[in-house]
Amino acid sequence: MKNSKQILGLFLMTVALMTSCQKDEHGDNDILDVTIERASPQDFTDLKATALENLKQTFQIDVDGSGTFTTQKGVEITINGSCLAKNGNAVTGMVDVEVIELFDRGTMLATNKTTMGLSPTGGKELLVTGGEFFIEATQNGQLLQLICPMQVFVPTALTGGDDTGMTLWDGLIGMDCDIETGCDDVTWVEQKRNGLGAGIDIGQGAAGQSLYMALFNSFGWTNVDRFWNDPRPKTKLWAAVPEGFDNGNCALYLSYNGEAGSLANLDAYDPETGLFSEHTGIIPIGLECHVIFVSEDNGNWVYAINPVTIIADGTIVIEESDLSTTTESQLITMINALP
């Protein structure tokens with residue numbers, strides 16, 4: 001029979017083992033408490049670039065044919081051959097088309113393509129998306145120009161059904177970037193036609209599905225979007241991250257509960273205080289959301305997902321103990337599972 005000292009020793013060892021592990025609230029297994037390495041800005045940039053590369057779809061069209069193709073998500077795109085030019089000259093033969101389509105918070109986060117639009121007052125406000133798209137055409141490796149619009153039909157079911165307030169937005173990459181690497185964020189600017197937002201029709205496809213029917217007038221990033229609205233009083237929000245992280249090697253996002261087609265980011269950074277914030281004090285007081293921290297560690301994603309209810313002039317603190325590592329696919333799944 002073991003004596004009391006042996007029993008006490010076994011008990012303390014068990015406690016030590018238990019406290020050396022932490023439960024991943026988003027998984028099924030215990031994760032050993034290990035030190036998270038601080039990423040370089042380039043490593044973090046490369047991680048997001050890989051996520052974007054993984055979403056690329058490629059098509060070939062004959063400019064003398066219909067020029068119509070359908071993406072993995074069921075978006076139908078038609079590019080008229082007469083609308084393509086190379087260095088000002090008409091194009092003939094086969095053309096390569098590259099497409100990226102984003103409809104969910106998980107892929108928006110992994111690629112750093114959030115839904116923040118430039119407001120009439122010059123600030124940034126949250127948008128609700130009907131789909132973010134990158135479209136580009138090349139021939140023999142040379143970029144082509146779009147000289148008349150391409151037709152895009154987007155199933156509205158991909159983002160929760162018909163929304164008559166949607167307009168078209170152009171994506172500007174790195175608009176507010178103040179770091180040497182990692183300028184991959186996007187700011188959406190509403191297209192204007194005759195002084196009004198470029199409206200989108202809603203119609204039915206051949207199979208009876210409801211579609212956003214739009215004319216994209218340029219290659220690059222285009223978004224089907226509208227501003228998100230909330231009548232509650234607004235506040236500014238700050239967030240603190242563990243030592244060794246800054247706006248070069250990590251990013252912070254806000255996932256609003258109930259808004260699966262939106263993702264905000266805290267992209268304003270004060271190097272003196274080390275605090276992240278949004279730009280213009282537009283977060284509704286009382287909003288239930290999740291603050292998401294991401295970075296890189298040895299090719300994996302470092303993350304923390306913390307539920308928060310917004311209070312006036314509040315500061316959210318991400319602790320070292322909040323951090324875990326995961327793969328790209330697992331991170332996307334976790335983000336998309338948020339309420």
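## Cysteines and the disulfide

Cys250 is buried at a relative accessible area of 3%, where buried means under 20% relative accessible area, exposed over 50% and partly exposed in between, with a 1.4 Å probe and protein chains only. Cys289 also counts as buried, at 1% relative accessibility. The model is predicted, so that local features need pLDDT of at least 70 and side-chain atom pairs count only at pLDDT 80 or more, while totals for chains, interfaces and linings use all residues. Residues are numbered from 1 along each chain as its sequence is written, and side-chain values use heavy atoms, with hydrogens and water left out.

One disulfide is found in a search of the whole structure, the term denoting a pair of cysteine sulfur atoms within 2.5 Å. The link joins Cys83 and Cys148, whose sulfur atoms are 1.6 Å apart. It is left-handed, with -100 degrees about the S-S bond. Because Cys83 lies in the loop between strand E5 (76-78) and strand E6 (84-86), and Cys148 in the loop between strand E12 (145-146) and strand E13 (150-155), the pair ties together parts that are 65 residues apart in sequence. Cys83 is buried at 4% relative accessibility, whereas Cys148, at 26%, counts as partly exposed.

## The five-stranded open sheet

Strands (E, at least two residues) are DSSP runs numbered from the N terminus, and two strands pair if DSSP finds at least two bridges between them. Five strands form an open sheet in the order E4-E5-E13-E19-E18, with antiparallel pairing. Its edges are strand E4 (68-70) and strand E18 (201-204), each of which pairs on one side only. On average, neighbouring strands of this sheet are turned by 25 degrees against each other, direction ignored; the axes are lines fitted to C-alpha atoms, and angles run from 0 to 180 degrees between N-to-C directions.

Within the sheet, E13 and strand E19 (residues 210-216) run antiparallel and are joined by six bridges. Gln151 stands opposite Leu215 in E19.

## Strand E20 and its partners

Strand E20 is largely enclosed by the rest of the structure, because six of its eight residues are buried. Strand E10 (residues 124-139) pairs with E20 in the antiparallel sense over eight bridges. Strand E14 (residues 167-173) and strand E20 (residues 220-227) are likewise antiparallel, over four bridges.

Asp225 in E20 is the bridge partner of Thr129 and also of Thr167. E14 runs antiparallel to strand E15 (residues 186-190) as well, through five bridges. In that pairing, Asp170 stands opposite Val189 in E15.

## The largest pocket

The largest pocket holds about 180 Å³ of space. On a 1 Å grid over the protein atoms alone, a pocket is an open set of points where a 1.4 Å probe fits, with protein on both sides within 12 Å along at least five of seven lines; lining residues have an atom within 4 Å of a point. The volume is the space filled by probe spheres set on the points, which are joined across faces, edges and corners.

The lining consists of Lys73, Phe103, Asp104, Arg105, Val128, Thr129, Leu158, Thr159, Ala260, Gly261 and Asn336. These residues divide into four nonpolar, four polar and three charged. In this division Ala, Val, Leu, Ile, Met, Phe, Trp, Tyr, Cys and Pro count as nonpolar, Asp, Glu, Lys and Arg as charged, and the others, Gly among them, as polar.
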